[in-house]
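Subject: Structure handover

Hello,

I am passing this structure on to you. Please look it over first; my notes follow below.

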Amino acid sequence: MKEIRTKNMILLSTGREACPGSPFDREAAANALRFHESLPMYGRTRLVSLKSAAEELGVKAIFLKDESTRFGLKAFKGLGGSYAVFRVLCGRLGLDPHKAVYSDFLTEENRQKCADYVFATATDGNHGKGVAWAAKLFGCKAYVFLPDGSAEARRKAIEDAGAQEAVICSGLNYDKTVQHARRMAEENGWTLVQDTSWEGYEQIPQWIVEGYLTMGAEICEQLGKMSPTHVFLQAGVGAMAGGILGYLADVCADREPVFTIVEPTEAACLYESAKTEDGSIRSIEGDPVTIMAGLNCGTPCSVIWPTIRDRAGFYCKCADEVTENAMQMLARFPEEECVTSGESGAVTFGVAAEILRDARLREEMGIDRESVILLISTEGDTDPAGYRRVVNG
Ligand SMILES: Cc1ncc(COP(=O)(O)O)c(C=O)c1O
């Protein structure tokens, strides 16, 4: 293992050869996509070719999946929440999850069965909004808990999306808020739909990850014959990154891309876990502060960690400045390449741009003029005031 430092980021090279195959494969993705396509508000998000950036930064192409328009929720997270709620309700109503579609839940009888069902979750914003929205979609209720310091705009957006109640938990960081939501669910008989897992709580997080694979399926269709050589994925608990990485490892088995996991310096729990000798999970203690709210998580998701650990070649932890620069750049690109990208969304573009400008890092990662870079801008301006502050300088 080798750590390479620059002014505002550290790159960890694991020297690991990616192992082929993955549990998050094309079959799982096809079922998630089939379900999402049955939702009346489903629409594929765009894959933007950042042509001017690719030319300036000396690579063949940079593709960026723009999740700012997903389901009108401004982030990809509704994909996981809705798929998990769907799978839970299929079990309750006795529907076949590989055949059922959204309209099956709209019969009078099924509407009534769903009406008294309550979901709960903890969130730093986007996941809770997705669960609240999904619960409402199926006629259920949802209670959502946010860590101390969460923006009021994020709390309100969750209630606007359909939560029965969204509460900021004073004195609790993200991990403690998850424990609180778990306790509340146990005490009240609610179903916890959490986007991270622990021993004994694995099935629902697994479904959430499978829900994210819809993004992967869309990307591959949009890329056509083009294949990414380098994929940068941002991580909070790593569920999204691991799902997409696993899916691409399955689909691109013969030409597996180089995967880099990107986190904020203060909350780099996957980075720290990658450094452990026995490959076990490491948590970050304390109350990390970063503007990348969606990535501010202290413990990796256990169901996804082995998928990442056995395949990611690089980990990168970076300062807020990296995502701020990227948000500004993406907002100022010419019309068809311009992207509204929030704090957790833009960071991979920021990291990729810094790497592409640095000959030493390019060489370390095997990047040349023929490289094809794939990024996901996972959110738009989910905190509009924060977004304006950064983009307007
Ligand atoms: C916008 C955004 N991007 C990325 C992530 C990271 O996802 P995960 O926690 O699955 O790593 C989150 C998580 O909330 C998010 O909100």
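The domain bounds used here come from an automatic or database domain assignment. Note also that this is a predicted model.

The chain is split into domain 1 (2-75 + 210-391) and domain 2 (78-194). Their C-alpha centres lie 25 Å apart. In the contact, domain 1 takes part with 28 residues and domain 2 with 24 residues. On the side of domain 1 that touches domain 2, helix H1 (26-37), helix H8 (203-223) and helix H15 (384-391) each supply at least two residues. H8 gives the largest share of that side, five residues. By type, the residues on this side of domain 1 are twelve nonpolar, eleven polar and five charged.

Four strands form an open sheet with parallel pairing, in the order S7-S6-S5-S8. Strand S7 (165-169) and strand S8 (191-192) are at the edges with a single partner strand each, so one side of each has no neighbour in the sheet. Strand S5 (residues 118-122) and strand S6 (residues 141-147) pair over five bridges in the parallel sense. Within this pairing, Ala122 stands opposite Phe145 in S6.

- H5 touches S5, S6 and S7, and its direction makes about 170° with that of S6.
- Helix H6 (residues 152-161) touches S6 and S7, and its direction makes about 160° with that of S7.

One residue in detail

Thr323 is part of helix H12 (residues 320-332). Is Thr323 buried or exposed? Thr323 has 29 C-beta neighbours inside 10 Å and therefore counts as buried, the cut-off being 20 or more. Leaving aside residues up to four places away in sequence, Thr323 touches Ile291, Met292, Glu343, Ala346, Val347 and Gly350. Ile291 is 32 residues from Thr323 in sequence, while the C-alpha to C-alpha distance between the two is 8.9 Å.

Regards

Key. Residues numbered from 1 in each chain as written. Predicted model: local features only at pLDDT ≥ 70, side-chain atom pairs only at ≥ 80, totals over all residues. Contact = placed C-beta atoms within 7 Å. Nonpolar A, V, L, I, M, F, W, Y, C, P; charged D, E, K, R; others polar. Buried ≥ 20, exposed ≤ 12 C-beta atoms within 10 Å, placed from the backbone. Pairing = 2+ DSSP bridges. Axes fitted to C-alpha atoms, helices over the stretch in contact; angles between N-to-C directions.
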